Amino acid sequence: MKATLFVVAGALGALAVVGAIAPAGKNWIVRRFRTPHRLRWAMACAGGVLLAALVMSLLTPLLRSLLEGLVLLSGASLLVGFLVSPALRIDHGVATQPRRVLAIGAHPDDLELACGATLAKLADAGHEVRTLVMSAGSQGGDSTVRTVEASSGSEFMGAAEVQVHDFKDTKLSQQGQEMVQTIEAFIKDFNPDVVMTHSGHDYHQDHLAVHQATMRAARQHSSILCFESPSATRQFNSSVFVDIAGYVDVKIHAVSMHRDQKGKPYMSPERIRSLAAFRGSQAKQNYAEGFEPVRLLGSAVGEF
């Protein structure tokens, strides 16, 4: 009986440690729980103590009774943690009338930086999210790596589909008509209720080019929201906000998946969290993402 309990305890400890440390486990925890890093730290510590105590109890007979007590304590802590973990789940509603949302970005990391929390929240609520990235970012990094990171980031946020195109970044303004045709085709196929893209108030020439191409491609669309990029100008004026309480760590993690761009100031967790807090103060919430509406049909937005 005792041997069986020790085997179960060992499996529980190993599961906790691997789940907290392995990339797949980390992604799963961050995507579903509030304060995920504290939860991972607690899991790793409790699981590590449990495994260490098990090994020491087998190797040190004189201290076996003390170590067995530590095994039971650590195991009980993990079991209690598993039982109470549902209370730490990210709160999100479930849409009774799901919408289709298309988010269009110029570069592989733009959507995560600008509206990653909103897209994740919408996907969790049951809205269908698809993403369109116009360039692979070859001028700013390794295009092969960045294409994979764009797909991984969108999948992590919950997008049902991501398309990454190979228009030449830094020269998107020279490929306007081709981008318009690509966006038009995507809109015709998906028929989104809401389109999100870059603002016209942006210093980056590629962001501005994608904004203009989207405005032309979606000229007959009734609901277009412009998101805030790190290069937005002072004229960016958000008047539509999405409460992203519980999703800031999701956004930070989605941005961190773009390792090719690691080290740039606007990729830092501190910068991301501070902007979310600033927009949250404007919206009278803890955290928010802000959008400029080009035009917005209330029935299209629904339960956002």
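Visitor: Which strands does helix 8 lie across?

Guide: In this predicted model, helix 8 (residues 205–217) lies across strand 1 (100–105), strand 4 (194–198), strand 5 (224–227) and strand 7. Its direction makes an angle of about 150 degrees with that of strand 4. Helix 10 also lies across strands, namely strand 6 and strand 7, and runs at about 65 degrees to strand 7.

Visitor: What is the order of the strands in the open sheet?

Guide: The sheet has 7 strands in the order 3-2-1-4-5-7-6, and the pairing is mixed. Its neighbouring strands are turned by 25 degrees against each other on average, with direction ignored. The protein chain as a whole has 11 helices and 7 strands.

Visitor: What makes strand 3 and strand 6 edge strands?

Guide: Strand 3 (161–164) and strand 6 (240–243) each pair on one side only.

Visitor: How do you know that strand 2 and strand 3 pair, and which way do they run?

Guide: Two strands count as paired if there are at least two bridges between them. Strand 2 (residues 128–133) and strand 3 are joined by 4 bridges, so they meet that requirement. They run parallel, and Thr-131 has Val-162 of strand 3 as its bridge partner.

Visitor: How many bridges join strand 6 to strand 7?

Guide: There are 4, and these two strands run antiparallel; Phe-241 has its bridge partner, Gly-290, in strand 7. Strand 5 is likewise joined to strand 7 by 4 bridges, again antiparallel, and Leu-225 stands opposite Pro-293 of strand 7.

Visitor: Why is Gln-163 called partly exposed?

Guide: The relative accessible area of Gln-163 is 28%. Buried would need under 20% and exposed over 50%, so Gln-163 falls in between and is partly exposed. This residue is found in strand 3. Leaving aside residues up to four places away in sequence, Gln-163 touches Thr-131, Leu-132, Val-133 and Phe-186.

Visitor: Where does Thr-170 lie?

Guide: Thr-170 is in the loop between strand 3 and helix 7 (176–190). Here too phi is positive in a residue other than glycine, near 75 degrees. With a relative accessible area of 37%, Thr-170 sits between the 20% and 50% cut-offs, so it is partly exposed.

Visitor: What volume does the largest cavity have?

Guide: About 70 Å³. The structure holds 1 cavity of 30 Å³ or more. What makes such a space a cavity is that a 1.4 Å probe fits there but cannot get out.

Visitor: Which elements each supply at least two residues of its lining?

Guide: Helix 5 (110–124), helix 10 (269–282) and strand 7 (288–295) each do. Among the lining residues are Leu-113, Ala-114, Leu-275, Ala-276, Ala-288 and Gly-290.

Visitor: How do the residues of that lining divide into nonpolar, polar and charged?

Guide: They divide into 5 nonpolar, 1 polar and 4 charged. Glu-228, Lys-251, Arg-279 and Glu-289 belong to the lining, and Glu, Lys and Arg count as charged, so these residues go in the charged group.

How values were computed: Residues numbered from 1 in each chain as written. Predicted model: local features only at pLDDT ≥ 70, side-chain atom pairs only at ≥ 80, totals over all residues. Heavy atoms only, no water. 1 Å grid on protein atoms, 1.4 Å probe; cavity = no way out; pocket = protein on both sides within 12 Å on 5 of 7 lines; lining within 4 Å. Points joined across faces, edges and corners; volume = space filled by probe spheres on them. Axes fitted to C-alpha atoms, helices over the stretch in contact; angles between N-to-C directions. Contact = heavy atoms within 4.5 Å. Buried < 20%, exposed > 50% of the residue type's maximum accessible area, 1.4 Å probe, protein only.
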